Amino acid sequence: MNNEKMIIIGSGAAGLVAAICSARAGEQVLLLEQNNKIGKKILVSGNGKCNIDNKYIALHRFHSQNPDFVEAVLKNHDFPIVEKFFTSIGLELVEGKEGKMFPMSLQASSVVELLEYEAKRVGVEIVCDCTVIGIDKKEHGFTVETSQGRKTCEKLVIASGSPAAPQLGGSNAGYAFATKMGHSLIPRHPSLVQLCSEETWVKGCAGVKVAGVAKLYANGEYITEKKGDILFTNYGISGLAILDLSREVSTCLANFDYCELSLDLMSELSKEKLTNLLLGRVQENSEKPLNLWLQGVLNKKLIPIILEQSKCKVRTEDALNRKEINKLVHAIKNLKLSISDTKGFKGAEVATGGIDTSEVNAQTMESKLVPNLFFAGEILDVDGDRGGFNFHFAWVSGMRVGVKNV
């Protein structure tokens, strides 16, 4: 049996920072990881470049049923605090679009390797291929049953993440341990995830990518909209605008709402400008087929569905008039696509919901129910927007565990 002062379960973003900060503050730390290497989710983030944070931290970029908790955790912990931490381990950062911050090397592996080096330098013991099977609360600490034997500790940090990306180790295990010790769960749904549709026409448009606006309607009621890339796929739809919408879609689908997207395929042109553009292209006495005429402005894979949804009655250029043009414009700027499902946790970058944060101290990340039990990162009911915000919460919550509990 191993006796430790602190055991941290999970070597993701939150667990690694919690381990480093705790060891720097004098704790004896054992970091347990079920995978064969640490930081697997970090390694694949940002397409391997690691969107490590965002320069412009704002509360509205984070989501929780307890926004006061998020505000308290993030107080005085904006981007400069995270940047200072990474500078301290030898990692320089550079700014990309929309305030996204990346390692200067543009390699996620740099982030993981420098975190690992620093953890070991300050005395953290890292054990991989170690699955936690059970946890028991004892009078003076915890007993942790693992695939590599029984271990005990005075303080326990659960930073085991969410069910998102199970292929990288995402699971419900941390929730099971927490609920056994009395904690409550907020329902979890996939977020930053691709969307599925049962409409057959999307397969014919697979591979088409446009810059546009996607609006979400649930049971006919407008919910929200996002701007960005829209990518049609064999299963439905993806792209940055869709990922940004997916949190709300997952929630609506969980409530058994009928979800439909309205897609503006030419958001840079107003309805009036697009109408005038199309009217100006019409040539008299031209018998050019309408589907060929539309290829002058639209990807040809999209044209059949635009013609179908517009209910345009003419089939040649010379037959077009303002009424038929208006029908085409409406379809181009309001293409309808029903959504039946998401790609689930396997396709999700993060999960909504998690440990009810009303049961956690925002200053220390310590459980209000179980003394010396701490949480950090995505296991909590906090998720962020795309663009580095989920990482920011992970880093900061790990810092609060490491610095405040000693």
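This is a predicted model: local features need pLDDT of at least 70, side-chain atom pairs count only at pLDDT 80 or more; totals for chains, interfaces and linings use all residues.
**Stop 1: two helices**

Select residues 13-24, which form helix H1, and residues 108-121, which form helix H5. Two packed helices are described by the angle between their axes and the distance between the axes. Here the angle is about 30° and the axes are 9 Å apart. Angles under 35 degrees count as roughly parallel, so H1 is roughly parallel to H5. The crossing of H1 past H5 is left-handed.

Now show the side chains where these helices meet. On H1, pick Leu16, Ile20 and Arg24; on H5, pick Leu115, Glu118 and Ala119. Sorted by class, this contact of H1 with H5 has four nonpolar residues, two charged ones and no polar ones.

**Stop 2: serine 45**

Move to serine 45, in the loop that runs between helix H2 (40-44) and strand S3 (53-54). Is serine 45 buried or exposed? Its relative accessibility is 13%, so serine 45 counts as buried; the cut-off for buried is under 20%. Leaving aside residues up to four places away in sequence, serine 45 touches Cys50, Asn51 and Phe391.

**Stop 3: an edge-to-face pair**

The whole structure holds six aromatic pairs. For one of them, select phenylalanine 62 and phenylalanine 389. Their ring centres are 5.8 Å apart and the planes stand at 90°, an edge-to-face arrangement. Which parts of the chain does this pair link? Phenylalanine 62 lies in strand S4 (residues 62-63) and phenylalanine 389 in helix H14 (residues 389-404), so the pair links distant parts of the chain, 327 residues apart. Phenylalanine 62 counts as buried because its relative accessibility is 7%. Phenylalanine 389, at 1%, counts as buried too.

**Stop 4**

Phenylalanine 391 is buried, with a relative accessible area of 14%. Tryptophan 395 counts as buried at 0% relative accessibility.

**Stop 5: the ring cluster**

Ring pairs link Phe85, Phe86, Phe391 and Trp395 into a cluster. Phe391 in this cluster is also one of the residues that serine 45 touches.

How values were computed:
Residues are numbered from 1 along each chain as its sequence is written. Side-chain values use heavy atoms; hydrogens and water are left out. Axes are lines fitted to C-alpha atoms, for helices over the stretch in contact, and angles run from 0 to 180 degrees between N-to-C directions. Helices (H or I, at least four residues) and strands (E, at least two) are DSSP runs, numbered from the N terminus. Angles under 35 degrees count as roughly parallel, over 145 as roughly antiparallel, 65 to 115 as roughly perpendicular and the rest as oblique. A crossing is left-handed if the near helix is turned anticlockwise from the far one by less than a right angle, and right-handed if clockwise. Contact means heavy atoms within 4.5 Å. Ala, Val, Leu, Ile, Met, Phe, Trp, Tyr, Cys and Pro count as nonpolar, Asp, Glu, Lys and Arg as charged, and the others, Gly among them, as polar. Buried means under 20% relative accessible area, exposed over 50%, partly exposed in between (1.4 Å probe, protein chains only). Rings of Phe, Tyr and Trp (its six-membered ring) pair if their centres lie within 6.5 Å; planes under 30 degrees apart count as stacked, over 60 as edge-to-face and the rest as tilted.
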